[in-house]
Amino acid sequence: MDTSKRAKQEYDQMVKKASPNSPIFMDCIKAFFSGGLICGFGQLLLDYFNESYTEDEAALLVSITLIAIAAVLTGFGLYEKIGKHCGAGTIIPITGFANSVVSPAIEFKKEGLIFGTGAKMFILAGPVIVYGTLTSMLVGLIYYFVGR
Amino acid sequence: MGAKKIGKQTVRLSEGVRIISAASTVSKKEGEGPLGKYFDKVIEDSMFGEKSWELAESRFIRENMELAVQKAGLKMKDIDYLLCGDLLNQCIASTFGTIDFQIPFFGLYGACSTMGESMSLGAMLIDGGFANHTLVGASSHFCGAEKQFRAPLSLGNQRPPTSSWTVTGDGAVVLAKKGNFPCITEITTGKVMDMGITDANNMGAAMAPAAVDVLVNHFQDTGRTPQDYDVIATGDLGDIGRNLVVELMKKEGYTMYPTNDKGGQFTDCGIEIFDKNAQDTHCGGSGCACSAVTFCAFFYPKLMSGEIGRMLFIPTGALLSTTSSQQGQSIPGIAHGVVIEGCGGKEGK
């Protein structure tokens, strides 16, 4: 079989033509509504907590509640079923972050508490934390020199 | 050049090697698929009563290989060599699964082409006069493969439409010199083929060129055409991969008719094993077990009965690791062709 550069480029085109794309339009709509629902639910919680706590405490309690719900759903194997349909809608909110920490924690439990759960818990969320922190430092620097 | 070698990549065994038994053990999802009724054993619990996915896969191997030997009317001590492999790092499922057998062991890694590789080498050992009986097989486990190659099972991500579903189970056959059984007559060993595919969610596209290379070389070496076979079955190319093979083969001057056309002979084990719409497996089945259990459960009985006169079985594998993927390497493919003549095969066709 011809494995020249040209044959590879031709094959690449052939594969692109033969492979169906993800249904992006439907995926976006589902993500929009499911993500919106989660955020709307968060707002309801915030209003509820605001009645008895300070603004900061209430915001914290909303995060804690959403994370707890996502963690429990992950534990029961339900989050993956929801995520399959909702995609970015359930990945982007804080619930997705909880899912990305709890799922490897469960998956690698068999390798022990230290090298399994402990070490692997942040394989997915770790990069988010690292680059989130880096970005905040960068933004802070810009703010320090330009924004003030 | 060896006296048994014909052409560039094919060997013709001098007397042929008989497949005297075949056994397949799968998990629940495969049992619910279109081939459900053909498997020897369907295990409802994918953990198989073990502590981890890895140990579960080992148990699939152990019990299924014992079953294959038992079906052949033999004892483990009658087996001269054991050849098998799986997808887990360092082939731990195979080593831990067969440790109790205490027979000389060749551990193999051919990714999902392992069944073709183990059948090829097992048959060569017998034809070369080095063994009377060999036990060969391949296994995979959906959960173990997801854990090692992709993401944790409970992660709420989406699988793209080009992805496939790793089959859980083990397929094994016992090979011997004589008897009125389906017979391995020729072996076309594949080369590592890399056409630059980098999408690990489109394995069919990565492996299709390897299958085409084996097909073309096989036809050139033997002087046959696709129409000289009742069945040509690739391993786990899925829908996209099979269509690509048809297209690539046309360029090479061979017409392959897929089995969904009337009278077509070209299928893929990954297409046969799942109902991709009802079981949401997207492109079809994959993993070492895909071709292994489909051959043992679905094709072997048809070879036994003579319904299939001559078959070209081509398990296909994608030779990637998480390291090679993350370092941006493309995904090379491999395929192993084995010709099996059914009982009362079409001599001289």
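Some housekeeping before the chains. Residues are numbered from 1 along each chain as its sequence is written, chains are lettered from A and ligands numbered from 1 in the order in which they are written. As this is a predicted model, local features need pLDDT of at least 70 and side-chain atom pairs count only at pLDDT 80 or more, while totals for chains, interfaces and linings use all residues.

On confidence, I use pLDDT, the predictor's confidence in each residue, from 0 to 100. Chain B has a mean pLDDT of 95, and 98% of its residues reach 70 or more. Residues 345-349 of chain B stay under 50. For that stretch the model has 6 contacts beyond four places in sequence, where a contact means that the C-beta atoms of two residues, placed from the backbone, lie within 7 Å. The model scores ipTM 0.91 and pTM 0.94.

Now chain A. It has 8 helices and 0 strands; helices here are DSSP runs of H or I with at least four residues, strands are runs of E with at least two, and both are numbered from the N terminus. The box filled by the C-alpha atoms of chain A is roughly 70 × 50 × 40 Å along the principal axes. Its radius of gyration is 21 Å, whereas a compact globule of 148 residues would have one near 15 Å. That radius is taken over C-alpha atoms, and the globule rule is 2.2 Å times the number of residues to the power 0.38. In chain A, 20% of the 148 residues count as buried. Buried means that 20 or more other C-beta atoms lie within 10 Å of a residue's own, exposed means 12 or fewer, and partly exposed is in between, with C-beta atoms placed from the backbone. Of the contacts in chain A with a separation of 6 or more, 57% are between residues 24 or more positions apart.

Chain B next. It holds 10 helices and 15 strands. With 349 residues, a compact globule would have a radius of gyration near 20 Å, and the 18 Å of chain B agrees with that. Its C-alpha atoms fill a box of roughly 55 × 50 × 35 Å along the principal axes. Buried residues are 60% of the 349 in chain B. Among its contacts with a separation of 6 or more, 79% link residues 24 or more positions apart.

How is chain B divided? There is domain 1, residues 5-176, and domain 2, residues 183-341; these bounds come from an automatic or database domain assignment. The centres of the two domains of chain B, taken over C-alpha atoms, are 17 Å apart. Between them, 59 residues of domain 1 of chain B touch 59 residues of domain 2 of chain B. On the domain 1 side, the elements of chain B giving two or more residues include β2 (10-27), α4 (114-127) and β8 (169-176). β2(B) gives the most, with 12 residues. That side of domain 1 of chain B has 27 nonpolar, 22 polar and 10 charged residues. Here Ala, Val, Leu, Ile, Met, Phe, Trp, Tyr, Cys and Pro count as nonpolar, Asp, Glu, Lys and Arg as charged, and the others, Gly among them, as polar.

One strand to look at is β15 of chain B, residues 333-341. Is β15(B) mostly covered or exposed? It is mostly covered, with 9 of its 9 residues buried. In a regular strand the side chains alternate between the two faces of the sheet. In β15(B) both faces are covered, B:V339 being one of the buried residues on one side and B:V338 one of those on the other.

Which strands pair with β15(B)? Pairing needs at least two bridges found by DSSP. Strand β9 (residues 183-189) of chain B runs antiparallel to β15(B), joined by 6 bridges, and B:E186 stands opposite B:V339. Strand β13 (residues 310-314) of chain B pairs with β15(B) in the antiparallel sense over 4 bridges, with B:F313 opposite B:V338. Strand β14 (residues 316-318) of chain B is also antiparallel to β15(B), over 3 bridges, and B:G317 stands opposite B:I334.

Last, where the chains meet. The contact takes 27 residues from chain B and 29 residues from chain A. On the chain B side, α6 (203-222) and α7 (238-251) are the elements that give two or more residues. The largest share, 5 residues, comes from α6(B). That side of chain B divides into 14 nonpolar, 9 polar and 4 charged residues.
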